[in-house]
Every structure is written in C-alpha cells, then in structure tokens.
Amino acid sequence: MRTEHDVWDELRQCVAFFDLRGITDEDVEDILSQKFQMLNAGHKDETYNCLDVLPTARLERTASCFTSVLKLIQKNPSKSNIFWETLSGAIDERVMHRTILATLDLCMSKVSALAKVDGSTPTDAQSPLSKGLLAANIYLMWLHVPGGSAYSVFMPFVYQDALWVLLGWAKFMYAPVLDELASTSAGRSGQTKRKQAKASTTRVLSTELAT
C-alpha cells in the first residue's frame, strides 16, 4: 500500500527529472521573464531540443504525483509546506521550482511555436502536443496548491500558454467532427440555394405563362 512517505519520495524523484542538461539558469530566467521569445531562432531551437531528454513517461509520472500530492493537501492543507520545501529545494545549487516552471512553459510554448502539430497525436511518445498537454495539466494542478503566490507560480503568460495548448488539443481531437459538421452545413446550404433557385425559376415561368 502506498504511504504518504512514498508520495513525497516520488515528488523528489520527479523534481530531479527537470534538471535538464542544456537548459541553464540563464535560460530559466529568460523564459520566466519572457525574454526567451525575443532570442534568435537558433538558440530557441537548441533549447527546445533539450526537451528530447524529458520523455512523456516522466511527465506522466509527475502529473500522477501531483494528483497524489493534491489529495494529501486536500485532507490536510498544512502538507503544502512539505510540498514547497521539496519543490524549492536545490539540486546542484539550482532553484528547482523555477526550473520546473520554466521547463513546463517550454513544453507548452513549443506547441504554440509550432502553431500546428503535423502527423502527431496526444498518444505519441515524443509528440510536442502530448508533452504540452501533460505540462499544462501539471501546471494547472500546481496552481491549486496553497502558497503558490509566494513563489510566483501564477504567471499570466504561462497560464495563457496552458490554455493555448488545451485549445490546440480540442481542435485536434474534434477536427474530424467539425469538418463533418461544416461539410453537412455546406451541403444543406447548397440544397437550400438550389431549392430557392428552383422556386424562383418556377415563379418566373408561372408569371410568363400567365401573361
């Protein structure tokens, strides 16, 4: 049976997942200050490529861990202190809660940077959309942990990136349905126009015959 100690131990392991090579402290600050989007394309591509060593499985595990943490906190809000102590701990002198936040936003912003994920689905192991969805899920759960304001977890542009990913997922998932509805609507519109044209022609002919 899984214990509370197991949850906190797993959280420590998940924190370590985000200590990615190639993403420097300077990159973290650039991302969280929105300077990242103003950097040259080459540098941004190199930084995005660092996400390749963060497999979807680790994001899934982190999302599952955050779910367990939220359950503990809902039962006992004071447990949030343990969460923040674990999350803000240093790994090789890195402040990990900011590193995690920046990495999550990097996963999400990659989706918006691509604008469209061609040939990928949310179940593909390394799909940018799949990673972006998991990152958005983790971030939105994170916002429910008491004390986040002290750590500046809520950032409007990060929240916007999360919503953008969810919108992109919705468009991807429901595109076939929307296309079918659009096609049906167009077909009905065409039928209506043909009926109107036929009715108009009939009226004209009737008028001519009457005269």
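Predicted model: local features only at pLDDT ≥ 70, side-chain atom pairs only at ≥ 80, totals over all residues.

Student: OK, so where does F154 fall, buried, exposed or partly exposed?

Tutor: F154 has 49% relative accessibility, so it counts as partly exposed. You'll find F154 in the loop between α7 (128-142) and α8 (156-210).

Student: Which residues make the nonpolar surface patch?

Tutor: F154, Y159, L163 and L166 make that patch, and its area is about 350 Å².

Student: Let's switch to aromatics. How many aromatic pairs does a search of the whole structure find?

Tutor: The search turns up seven aromatic pairs. Take F66 and F83: the ring centres are 5.6 Å apart and the planes sit at 90°, so this pair is edge-to-face.

Student: Where are those two, F66 and F83, in the chain?

Tutor: F66 is in helix α4 (residues 56-75) and F83 is in helix α5 (residues 80-87). They are 17 residues apart, and the pair links distant parts of the chain.

Student: Are F66 and F83 buried or exposed?

Tutor: Both F66 and F83 are buried. F83 also pairs with W84, again edge-to-face, with 5.0 Å centre to centre and 80° between the planes. F83 and W84 are both buried as well.

Student: Which residues form the aromatic cluster?

Tutor: One cluster is formed by F66, F83, W84, W142 and Y151.

Student: Since α7 came up, what does its length look like, given 1.5 Å a residue?

Tutor: The 15 residues of α7 should span 21 Å at 1.5 Å a residue, and the end C-alpha atoms of α7 are 21 Å apart, which agrees.

Student: And how many of the residues of α7 are buried?

Tutor: 13 of the 15 are buried, so α7 is largely enclosed by the rest of the structure.

Student: Changing topic: how many disulfides does the structure hold?

Tutor: The count of disulfides is zero. As for cysteines, C50 has a relative accessible area of 12% and is buried. C107 counts as buried too, with 3% relative accessibility.

Student: Now salt bridges. How many are there?

Tutor: The count is four salt bridges. One of them is between R2 and E10, where the closest N and O atoms are 1.8 Å apart.

Student: How accessible are R2 and E10?

Tutor: E10 is buried, at a relative accessible area of 12%. R2, at 42% relative accessibility, counts as partly exposed.

Student: Which side chain does E4 meet in a salt bridge?

Tutor: E4 meets K79, at 2.9 Å from N to O. That pair links distant parts of the chain, with E4 in helix α1 (residues 4-17) and K79 in the loop between α4 and α5, 75 residues apart. E4 itself is partly exposed, with a relative accessible area of 31%.

Student: What about E29, which residue does it form a salt bridge with?

Tutor: E29 bridges to R98, and their closest N and O atoms are 2.9 Å apart. E29 lies in helix α2 (residues 25-32) and R98 in helix α6 (residues 96-114), so the pair ties together parts that are 69 residues apart in sequence. E29 is partly exposed, with a relative accessible area of 38%. R98 also counts as partly exposed, at 23% relative accessibility.

Student: Last topic, backbone. What's the phi of Q34?

Tutor: Q34 has a positive phi of about 65°, although it is not a glycine. Q34 is in the loop between α2 and α3 (41-49), and at 45% relative accessibility it counts as partly exposed.

Student: And where is S152?

Tutor: S152 is in the loop between α7 and α8. Its phi is positive too, about 55°, and S152 is not a glycine. With a relative accessible area of 38%, S152 is partly exposed.

Terms used. Residues numbered from 1 in each chain as written. Heavy atoms only, no water. Phe/Tyr/Trp six-rings, centres within 6.5 Å; stacked < 30°, edge-to-face > 60°. Helix = DSSP H or I, 4+ residues; strand = E, 2+ residues; numbered from the N terminus. Buried < 20%, exposed > 50% of the residue type's maximum accessible area, 1.4 Å probe, protein only. Patch = residues over 30% accessible without salt bridge, like charges linked within 9 Å, V, L, I, M, F, W, Y side chains within 5 Å. Areas by Shrake-Rupley, 256 points an atom, 1.4 Å probe, with all protein chains shown as cover. Disulfide = S-S within 2.5 Å. Expected span 1.5 Å × (residues − 1).
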